[in-house]
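Please read the notes below alongside the sequence and the coordinates.

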Amino acid sequence: MKYLSFTAAALLAATSAVAQESSDPIKLTLHDWSGQLVTTTLMGEVLKEAGYNVEYVQADYIAQFAGLKTGDLHVAMEIWETTGREAMDEAIATGNVVSLGETGMMAIEEWWYPAYMEERCPGLPNWEALKECADAFATPETAPLGRYLGGPVTWGGFDEERVEALGLDFEVIHAGTDAALFAELEAAYQREDPIMLWIYSPHWAPAKYEGSFVEFPKYSAECYNDASTGLNPNAAYDCGKPTGPIWKVSWAGLVDKWPNAAKTIENFNVSNAEMGAMVADVDLNGQTVDATVAAWMAANTDTWSSWIVK
């Protein structure tokens with residue numbers, strides 16, 4: 001009876017805390033890669049456990065900031081330092097979007113090639129090797145230019161600008177989806193066909209496949225914003241992509257409308273290894289996102305429970 005009384009009291013306290021906040025659904029954005037779907041679903045399910053209404057809304061990675069500024073969207077769980085920092089900074093500068101801190105994951109997104117391509121393009125991973133052997137990465141659709149398989153157009157990344165700024169004889173071809181990107185890698189890797197493509201971490205691919213990231217000139221904010229900086233005095237983006245945290249952001253009004261939910265989202269923290277394992281369950285082991293999230297939550301109750309603020 002003491003146990004039942006304690007449980008009832010805890011539920012009553014949680015319900016009371018949530019009742020003081022809006023019952024409107026908190027709208028979390030979904031994008032087009034497995035890791036982001038896992039991260040967002042995990043956050044949403046934790047918020048549901050805390051008593052909140054949650055709605056998932058499909059949105060483009062960069063275009064979502066328009067909805068976050070107006071409050072039509074509320075939370076974006078993965079803004080990568082590598083590709084989203086400029087859009088995030090611009091949105092925060094308006095005062096309508098705020099950062100809810102780091103997710104715990106550290107981002108790498110860059111050109112990547114399988115190890116077998118080093119024999120065909122000596123000098124890799126140094127980017128300057130690509131000036132002499134771009135044709136080693138050519139396909140019938142791009143020859144004599146090398147082919148770089150980028151992510152979906154909505155991901156951003158400035159790959160076309162980098163190719164032009166560094167004078168590389170490559171054509172950028174965008175994969176239609178995250179799944180298509182890695183399906184093409186799998187097919188090329190099995191046949192040892194030439195391939196250069198966008199790989200990111202946290203993800204299972206850098207662990208499953210032997211290969212390396214291209215080492216471009218080191219990123220700086222000036223390289224992206226000031227054409228006179230860097231190797232090419234007439235063009236920006238003549239450097240590699242940035243690396244750094246994956247951020248959580250929200251509509252600024254979230255803190256007032258759902259204050260404890262905002263604190264709960266701030267507390268969210270997972271590692272690259274944890275996320276890589278969950279993405280592998282989805283992409284390699286055939287698990288659904290929902291099943292993968294449920295399994296992680298069942299195995300890590302103490303962790304996600306500690307995020308909840310009541």
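A search of the whole structure finds 11 salt bridges, a salt bridge being a side-chain nitrogen of Lys or Arg within 4 Å of a carboxyl oxygen of Asp or Glu. The model is a predicted one, in which local features need pLDDT of at least 70 and side-chain atom pairs count only at pLDDT 80 or more, while totals for chains, interfaces and linings use all residues. Residues are numbered from 1 along each chain as its sequence is written, and side-chain values use heavy atoms, with hydrogens and water left out.

**Salt bridges around Asp159**

- Asp159 pairs with Arg162 in a salt bridge whose closest N and O atoms are 3.2 Å apart, and the two residues, 3 apart in helix H6 (residues 159–165), are separated by about one helical turn; helices (H or I, at least four residues) and strands (E, at least two) are DSSP runs, numbered from the N terminus.
- Asp159 has a relative accessibility of 1% and Arg162 one of 0%, so that each counts as buried, the classes being buried under 20% relative accessible area, exposed over 50% and partly exposed in between (1.4 Å probe, protein chains only).
- Lys241 also forms a salt bridge with Asp159, with 3.0 Å between the closest N and O atoms; because Lys241 lies in the loop between helix H9 (221–225) and strand E9 (244–251) whereas Asp159 is in helix H6, this pair ties together parts that are 82 residues apart in sequence.

**Other salt bridges**

- In helix H2 (residues 34–49), Glu45 and Lys48 are 3 residues apart, or about one helical turn, and their side chains meet in a salt bridge of 3.1 Å, N to O.
- Glu45 is partly exposed at 24% relative accessible area, as is Lys48 at 38%.

**Cis peptide bonds**

- The bond from Leu124 to Pro125 is cis, with omega near 15°, and Pro125 is placed in the loop between strand E4 (97–114) and helix H5 (130–133).
- Ser201 and Pro202 are likewise joined by a cis peptide bond, with omega about 15°, Pro202 being found in the loop between strand E7 (197–201) and helix H8 (205–208).

- Glu192, although not a glycine, has a positive phi of about 55°; Glu192 lies in the loop between helix H7 (178–191) and E7 and is partly exposed at 43% relative accessible area.
- Tyr237, also not a glycine, has a positive phi of about 65°; Tyr237 lies in the loop between H9 and E9 and is buried, with a relative accessible area of 15%.
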